[in-house]
Amino acid sequence: MADKALNAKKYQKSALISDLLPLGGLIAVVILFGILTKGKIFSSFSLQTIYNQSFLYILGGLGCAFLFAQGAIDLSMGAVIALCSILGAFAANQYGIIACILVCLIVGTICGTITGFIYSHTNIAVFILGLSVCFLIKGTLYQITNGQASISIPYADKKMFTPIWISAVVMVVFALIIYYLFEYHTMGKHSKAIGAGIAAAAQSGVDVTKIKWLGFVISGFTCGMVAFFTMVKTGSGGPATGSNFEFNVMIAMILGGMPSEGGARAKIKSCFIGAILIAFYSNGMVLLGADSRVQEILKGVVFIVVIVGTYRMQMQAEGKKAFQFFGLKLAKKNG
Amino acid sequence: MSKVILKAENVYKSFGLTKAVQNFSLEIAEGEVHGLIGENGSGKSTFSSMVAGVQTMDAGQLFIDGEPYAPKNAIDASERGVSLVVQEIGTIGTISVAANIFINKEKQFRKGGMIDYKTMYAEAKKILKRIGGEHLDPAAICASLNLEDRKLVEIAKAMYSNPRLLIIDETSNALATHGREVLYQNIRAVKESGGSVLFITHDMEELIEVCDSVTIMRDGVYVDTLRGDEMVAKRLKELMVGREIADNYYRPDFEPKYDADTVVFRATDICAPNASHVSFELHKGEILGLGGLADCGMHEVGRILFGLDRKDSGRVELADGTEIKTPVQAIKLGVGYLSKNRDTEAVILNYSIGDNIVMPSLPDLRKGPFMPKRAEREMADDWVDQLEIKCNGSKQYVKELSGGNKQKVVLAKWLAKDSQILIMDCPTRGIDIGVKEIIYQLMMSLKEQGKSIIMISEEMPELIGMSDRILVMKDYKINKEILRSPEVNEQEVVQYMV
């Protein structure tokens, strides 16, 4: 039926609009700061800073993308990163850089496995679990480090991994693997199904326990990776490494268009869009000479506006409720 | 002509691309019980929720007692004397019965800045008694009540304000005999007090008995209004569906017809909190009915068979002895399950039709390490076409479909997976005749293909009309096995249930 085909097309169009909103936001921010800083933001130094800032958050976002798709979050990320970095730094000094990498990845994976086991086998609320694990690890760390602020890694090792191409290759490869798992593998499909409706997912052949568990394992592994690259960046690992990491990742993901309840609209590109958007914003503000406190205040305002706006526009694209936002009417009402 | 209470003129409403109600007009007179029928997705609930202020109209006008009426929300509506009892659960589970009844009307019980619960409970008790729910405790938390009692709370809430217009949307589905009596008694009370009732139901007999007149809707459009003696079940059904339909859409044959020598599925001595020593065998090409009262344990047995719930002892296995312990295993072994809670368990509402259909088949579709998107889409489109699911394509979200079409999605899911054994829990609950007929036909064709079905149902005609064998459950036990024959009648089956 021609009518049906037309309807389907219209429907896809409205879905597309809501899909493209976060990308539109990113482009708007880039253009805005491009103009305000008279192009200074595109200097190679500035771009490099932006890359360095967004790189870790992109990794982190990719790592917990499955949990986000399930409608869960991993609030223990920062603590796990701290743990990995301390043990990693220790290993680097004792046995060399390869041992450091292995320790980071293994410790991260073990943490994720344990947290994931508890999460998938009990009814504990995911944020309570994350916070508890976070306290547990942080407390232990301050005990064992005896208040020592951080452990440095040998400069030669740091130097060896500093070149941008190494982190870029790692990021691209990791992103491709995650993208494959997310879109072309049951891992991603089932994660999204859990976010969209857990009971129905379980009755459609989703192994809910396994998928929830694996979500944390992947997140833990990623924490190990992030811990290593944080050490490469700062030259040391300590109890404060990675603090607030989980919240920054969360903000980036939401800004990138990741729905907080997970489900079908969860997309991998959100990890990139959100992290880059924040990096552009922070650098733009620095280049404009904004006071750091003013920056924070504006950040809060901008985030609220963006999130409310995105949400409303998505609602409208779905034809839920007509609305006007700052006098702007982007999607035409259907029907 | 008596006074008109509700008048609707040229009402329109769309959801995205779905035109739910188009150019719909209706008049309900004082003291009239007016029925509203139509297939799932014909716009009945949409219309009634607009009258009750739950949704807003796109265009058109409403009048109550001749005064223009445009409720912005349910509070507006209730101030104008319109109360709604909804199709789904309309009470809040985490607060008490009394708090539900007086929601948004708590002010009257305020005493020095606090709510005087004693007076509130006493008042609630009075209302519950008036409507026929005196067995309910006003202080009980709503979630602790069964579905029927929760409906009674809702009726109490609606009746409390002495409504001019009481709207009842497919509530009787959730009610057993006593509950229905209570409902009818309240309908009469509204009628006698000079109010009117808008009554939405799928049950023809009930409709004809309770209503003075009935309006038929189809695809969001007004079809006809019948009054008094014009209301004949067959005529109503035809107007609803828009074509002639057979009087009897169940199986035409009256002999059990299945391969009695080939067992495909076996349950042995299952014990669980709601099942005691349940054993049976399912044969190739058999429709096995599992009947009983709602709380006889049959729904729980269905869940156990699919590996959803834990059992204390016993074994569920295929003919070759492979045990089924989890849904993942069950699906792999070719067992499918249709939950009676369609919206929460059988379909993922915020997920596309296509994704819902292919979900159990994903492991089969996989080619090497990759999941071919094209194969997924083709499978989904194929089943959308085959079952004629009314939608804007397989990318549409399931939540936008009507009940019958959602059920088609659930069926498509298991047909696509080519499941050999289907456990159907209330496969036609809340589904209109048109889709019901299709589901029965589908069950027959599955049977002819040699697939086996366990049909759990509370509906007598369906059990008798479709099953080769009926297992009647009572008090968590299988009480009686009845073979298909022309002599089986409802009385006979019921006597083993109670």
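At what angle do helix 4 of chain B and helix 5 of chain B pack, and how far apart are their axes?

Analyst: Happy to! Please keep in mind that this is a predicted model. Helix 4 of chain B covers residues 117–131 and helix 5 of chain B covers residues 147–160; the two pack at an angle of about 100°, and their axes are 9 Å apart. Angles of 65 to 115 degrees count as roughly perpendicular, so helix 4 of chain B is roughly perpendicular to helix 5 of chain B.

Now for the residues that meet there. Helix 4 of chain B contributes Ile127(B), Leu128(B), Arg130(B) and Ile131(B) to the contact. From helix 5 of chain B come Leu152(B), Ile155(B), Ala156(B), Met159(B) and Tyr160(B). Sorted by class, this contact has eight nonpolar residues, one charged residue and no polar ones.

Strand 11 of chain B is also worth a look while you have the structure open. This strand, residues 213–218, is mostly covered, with five of its six residues buried. Strand 11 of chain B pairs with strand 3 of chain B (residues 33–37) in the parallel sense, over four bridges; here Val214(B) has Gly35(B) opposite. Strand 11 of chain B also pairs with strand 12 of chain B (residues 221–227), in the antiparallel sense and over six bridges. In that pairing, Thr215(B) is opposite Thr225(B). The hairpin of strand 11 and strand 12 of chain B has two residues between the strands, and Asp219(B) takes a positive phi near 50° in this hairpin.

Conventions
Residues numbered from 1 in each chain as written. Chains lettered and ligands numbered in written order. Predicted model: local features only at pLDDT ≥ 70, side-chain atom pairs only at ≥ 80, totals over all residues. Heavy atoms only, no water. Axes fitted to C-alpha atoms, helices over the stretch in contact; angles between N-to-C directions. Parallel < 35°, antiparallel > 145°, perpendicular 65-115°, else oblique. Contact = heavy atoms within 4.5 Å. Nonpolar A, V, L, I, M, F, W, Y, C, P; charged D, E, K, R; others polar. Buried < 20%, exposed > 50% of the residue type's maximum accessible area, 1.4 Å probe, protein only. Pairing = 2+ DSSP bridges.
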